[in-house]
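Trainee: I'm new to this one. Could you walk me through reading an interface between two chains?
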Number of protein chains: 6
Amino acid sequence: MPYVNIKVTREGTVPGAAATTPEQKMALIKGVSDLLFEVMGKPPQSTFVVIDEVDMENWGVGGVTVPEYRQQEREAAEGKLK
Amino acid sequence: MPYVNIKVTREGTVPGAAATTPEQKMALIKGVSDLLFEVMGKPPQSTFVVIDEVDMENWGVGGVTVPEYRQQEREAAEGKLK
Amino acid sequence: MPYVNIKVTREGTVPGAAATTPEQKMALIKGVSDLLFEVMGKPPQSTFVVIDEVDMENWGVGGVTVPEYRQQEREAAEGKLK
Amino acid sequence: MPYVNIKVTREGTVPGAAATTPEQKMALIKGVSDLLFEVMGKPPQSTFVVIDEVDMENWGVGGVTVPEYRQQEREAAEGKLK
Amino acid sequence: MPYVNIKVTREGTVPGAAATTPEQKMALIKGVSDLLFEVMGKPPQSTFVVIDEVDMENWGVGGVTVPEYRQQEREAAEGKLK
Amino acid sequence: MPYVNIKVTREGTVPGAAATTPEQKMALIKGVSDLLFEVMGKPPQSTFVVIDEVDMENWGVGGVTVPEYRQQEREAAEGKLK
């Protein structure tokens, strides 16, 4: 009876989307449930998967929020190109 | 100083409600705090309870989202009746 | 299909115990499952409860670890008695 | 590669704010990342911080929700003044 | 930069094992990281996976601990055979 | 009444230590509690901090366990030196 929690930033990762799409959520849930069955024999009926979408300004990495982190990455990439 | 996290799907479970009601939240908080006092002697003043309501399409079981899982259960029940 | 996580410090709360006893764990699991059924109609078969026991030096409150916090409380209580 | 989760009630703690402000979130993320570097040598680039704001009626302490808990504290304080 | 937490009961699921094996852990970590890349384009370098193994007596389902739940299932299965 | 959970790999980060030391735990607890007071005015008495040490083979990044990830990093660094 596994419990899996997936946390991702709330943002679109396919064209036109501003958040995780229903199709992506379904694919994550199916993929994780299948994985636990294949690797450990856990029946999907007893696997719970909970997806949390976290606002980007609530997620930090590198000591800054995700939007600021990405901005820094873009500036570093542009700096290298000059 | 226990910490308890309760995760439920965001949906109504009483007539007319589309989510957990304030009364239900109060009952969960009181019930869990009382339980920890009765079973382990933990004073309610130092017990934290956090309730998370999770969108149904973000919760998976049986390899599918909760709405799809319930649909499968309904169809299986109807199939048996035929 | 609720998921409940209960975190308590790893310590005995009944005579002779140095940790949560099997009986206490059973009582917590039954109590929480019953509560979710009574308050929200959730069938116990689909309620998961996970108990985490946390070493006391890994739990902080008041800016210090639990053992130090308790020591401060004892000293404050003794101070009042003088 | 530490992972830190900070849960606070969703409410303003500075004048005019009804929730944690962007500046506060940035300060929490920077502060926690710096702390893990100073105490344990963890590079901020590999530290994730996730801030969860929890509705006050979903947070319990003392066996009641936070709004009710605060109300009790106010009444107790007023009682002492009389 | 996803964060995934997988909780399973601490028990062997392959012959001779009393817990999740190192190979199973590696397969879970690789499988989840690949899934997040395929479904959402998340680079594995920024995906954290944390596996928690939970003692069976600390995991509840059906209002009882896992060992007791399995015992009930066995007895129900034997009852059907009679 | 904030709740903070800090997860780190179980390993020594100072000479002679094979895990987070008691001094490091105390510094993390104090530092986080002070931070929440400074940034948000939260009194330390109502801030809980829980530190989880996770076995390195239970923590994944880059699609592999932490020990394997570090080995890859070492080999990449050595490759650059040649």
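Mentor: In one of them E11(A) joins K42(E), with the closest N and O atoms 3.7 Å apart. Bear in mind that this is a predicted model, where local features need pLDDT of at least 70 and side-chain atom pairs count only at pLDDT 80 or more, while totals for chains, interfaces and linings use all residues. Residues are numbered from 1 along each chain as its sequence is written, chains are lettered from A in the order in which they are written, and side-chain values use heavy atoms, leaving out hydrogens and water.

Trainee: How many residues does each chain bring to the contact?

Mentor: Contact means heavy atoms within 4.5 Å. Here 26 residues come from chain E and 27 residues from chain A.

Trainee: And what area is buried between them?

Mentor: Buried area is the accessible area (1.4 Å probe) that two parts lose on being put together, summed over both. For chain E and chain A that's about 2300 Å², with carbon and sulfur atoms giving 73%.

Trainee: In which sense do the two β1 strands pair?

Mentor: Strands are DSSP runs of E, at least two residues, numbered from the N terminus, and two strands pair if DSSP finds at least two bridges between them. Strand β1 (residues 3–9) of chain A and β1(E) run antiparallel, over five bridges. Within that pairing, V4(A) sits opposite I6(E).

Definitions and conventions: A salt bridge is a side-chain nitrogen of Lys or Arg within 4 Å of a carboxyl oxygen of Asp or Glu. Helices (H or I, at least four residues) and strands (E, at least two) are DSSP runs, numbered from the N terminus.
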